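Here is a short report on a two-chain model. Have the sequence and the structure open as you read.

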Amino acid sequence: MSTVTWITARGLFGRSRFLMLLPLPLVLIGLAVLCRSLGVDPGQWGPPVLVGLGLAVVLPVVALIVGTGVLGAEIDDGTVVHILTKPLPRWQIVLPKLAVAAGVSAVTVGIPIYVAGVLADSVRLGLALVAASAAGALAYSALFLALSLVTRRPVLLGLVYVLIWEGLLGRFVGGTRVLSIQQWVIALADRMAPTPLLGTTVSVPVAAVLTALVAVGFTVLAIDRLRSFSVAGETS
Amino acid sequence: MTAISTQSTAGAPAAATSTLDLVGVSRWYGNVVAVNDVTMRLGPGVTGLLGPNGAGKTTLLHMMAGFLSASRGTVTLDGEPTWRNPAVYRRLGLVSEREAVHTFLSAYEFVLASAKLHRLPDPEAATRRAIELVEMEDAQTRRIGTYSKGMRQRTRVAAALVHDPQVLLLDEPFNGMDPRQRLHMMALLHRLGDAGRTILFSSHILEEVEQVSGTVQVMVAGRLAASGDYRTIRRLMTNRPHVFAVRSTDDRALAVALMAEASVSGVELGRTGLTVKAGDYGAFTRALPRIALRHGIRVRQLLPEDESLESVFSYLVEA
């Protein structure tokens with residue numbers, strides 16, 4: 001494990017902010033188990049729990065907390081200076097942090113979404129949801145990591161994207177779905193395990209290409225912004 | 001404003017020493033000019049960067065350390081720009097003012113992480129050496145979150161020294177240290193300077209600079225107001241006229257009597273009392289009671305008016 005990865009992971013798990021990750025996955029598992037045990041038709045509880053809660057809330061919110069935490073928290077408290085005063089090419093800082101963010105988000109979301117997918121339909125759907133949300137976690141993490149370098153309010157901007165763009169506009173203005181990570185995840189999962197529980201208007205090739213583009217593009221942006229990282233002076 | 005230059009700080013860069021050069025460096029934020037046309041060369045030895053709060057010391061240090069781009073001018077370390085050039089950190093260490101440490105690590109883990117990030121051949125040995133240098137052996141396994149401010153500061157210095165840099169920049173390093181830690185840090189900086197390292201530390205406290213460094217760069221309102229040997233600058237500071245507010249039972253008679261005193265260079269009679277300018281602080285304060293007694297005047301108040309650091313600095317700028 002690289003030293004940057006180790007410090008990032010220690011920083012992430014050492015902050016109380018990490019505890020905020022736990023309730024949402026537990027609610028997701030709890031709801032799925034409850035619906036299944038009460039014998040409710042999966043056609044009824046599947047879409048709201050898997051998509052409405054799992055992919056539209058748990059995945060982006062977990063990725064937001066982790067993605068803005070791996071670098072943003074260090075920028076906020078000034079500890080980032082310790083890593084930046086080392087003769088490391090900046091990609092060697094951004095990539096390990098992105099790996100930690102995407103990995104932690106993928107695991108935190110993957111476990112409950114797998115359980116919910118299996119209870120709603122099949123192991124195949126569970127695995128498809130795990131794989132698609134891992135791809136989504138990578139795209140979200142790259143976006144939120146880059147946001148923490150381009151703005152001082154990455155959490156707010158991230159929430160605006162998730163709640164307003166994906167949540168509100170995605171529901172009422174069809175065109176915005178093309179630029180929605182949530183819809184790409186749905187498209188990818190539906191391709192791997194076709195089921196009536198998941199539905200989107202975005203095509204699979206578009207989803208795959210855009211997911212890759214967002215992951216790579218925002219990573220490159222983050223590396224470039226970290227090269228020009230400025231510490232605010234006393235008069236600013 | 002005129003800059004006073006008493007001595008060049010430039011040292012001919014010998015082997016294994018580094019020189020930090022600033023040429024015509026300015027930095028502004030919108031309409032606010034934080035640093036204004038500063039040119040300086042820092043060679044081996046300890047240099048104090050002195051100035052009141054808000055003078056632009058931190059901005060200047062951040063530009064030297066590659067954490068801020070200059071709006072105009074160039075900042076180079078041995079000819080290489082420091083901005084957007086992480087390779088300079090092989091030769092440069094920074095201890096920033098902000099008390100930022102990973103509180104969840106121990107000092108040993110923190111310094112070891114620095115050593116590993118520097119890709120040192122024997123990070124454990126370098127860590128032990130750096131921790132010894134700042135005398136943190138006893139507490140090195142405890143979490144940094146449990147440390148006092150001075151201990152955190154020393155831990156940060158150890159992390160900045162772990163790769164034995166040629167240049168060490170420290171922003172207000174004595175803040176929060178007790179007198180013993182202060183002395184220890186001063187001795188450490190001396191040793192590093194004597195060993196041919198280029199050390200720059202900022203401070204707004206004259207006495208700190210006096211004890212550590214023979215060479216100072218004085219900044220006032222973003223400009224380099226004076227640079228050179230500390231003693232010469234200190235003499236300029238002590239020889240400046242001192243201003244006192246004096247109130248007595250008969251201000252007018254006291255004014256007349258004071259004008260005959262050699263140490264007094266000017267008296268102004270105001271509604272609330274006298275404003276007296278004296279060339280020699282000691283001579284005036286000794287003469288005043290004698291004069292008052294001789295003329296049967298009672299002095300009700302004697303207040304030195306310009307003892308703030310800012311007034312010392314502004315005198316330097318005007319000189």
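## Terms and model

Helices and strands here are DSSP runs, numbered from the N terminus; a helix needs at least four residues and a strand at least two. The model is predicted.

## Helix α2 of chain B

Start with α2(B), residues 107-117. Of its 11 residues, 10 are buried, so the helix is largely enclosed by the rest of the structure. The cut-off for buried is 20 or more other C-beta atoms within 10 Å. The buried set includes B:Tyr108, B:Phe110, B:Val111 and B:Leu112. B:Lys116 is also buried.

From chain A, the cover includes α1 (3-14) and α5 (80-84). From chain B, it includes α3 (123-133) and α4 (149-161). After α2(B) comes B:Arg119, with a positive phi near 55 degrees.

## Helix α1 of chain B

Helix α1(B) spans residues 57-64, and eight of its eight residues are buried. Among them are B:Lys57, B:His62, B:Met63 and B:Met64. B:Gly66 follows α1(B) and has a positive phi, near 80 degrees.

## The contact between the chains

Chain A puts 25 residues into the contact, and chain B puts in 29. On the chain A side, α1 and α5 are the elements that give two or more residues. The most come from α1(A), with five residues. By type, the chain A side divides into seven nonpolar, 12 polar and six charged residues.

## Annotated spans in chain A

An unreviewed UniProt entry lists "transmembrane region" for residues 49-73, 94-119, 125-147, 154-174 and 202-223 of chain A. Take two of these spans. Residues 125-147 of chain A are 100% helix and 0% strand, with the end C-alpha atoms 32 Å apart. Residues 154-174 of chain A are 90% helix and 0% strand. The end C-alpha atoms of that span lie 26 Å apart.

## Two loop residues with positive phi

B:Asp78 is not a glycine, yet its phi is positive, about 50 degrees. It sits in the loop between β5 (72-77) and β6 (80-81) of chain B. Is B:Asp78 buried, partly exposed or exposed? B:Asp78 has 14 C-beta neighbours inside 10 Å, so it counts as partly exposed.

B:Glu172 is not a glycine either, and its phi is positive at about 50 degrees. Its loop runs between β8 (167-171) and α5 (179-194) of chain B. B:Glu172 counts as buried because 22 other C-beta atoms lie within 10 Å.

Definitions and conventions. Residues are numbered from 1 along each chain as its sequence is written. Chains are lettered from A and ligands numbered from 1 in the order in which they are written. This is a predicted model: local features need pLDDT of at least 70, side-chain atom pairs count only at pLDDT 80 or more; totals for chains, interfaces and linings use all residues. A residue is buried if 20 or more other C-beta atoms lie within 10 Å of its own, exposed if 12 or fewer, and partly exposed in between; C-beta atoms are placed from the backbone. Two residues are in contact if their C-beta atoms, placed from the backbone, lie within 7 Å. Ala, Val, Leu, Ile, Met, Phe, Trp, Tyr, Cys and Pro count as nonpolar, Asp, Glu, Lys and Arg as charged, and the others, Gly among them, as polar. UniProt positions are given in the numbering used here, feature names are shortened, and annotations may be inferred rather than shown by experiment.
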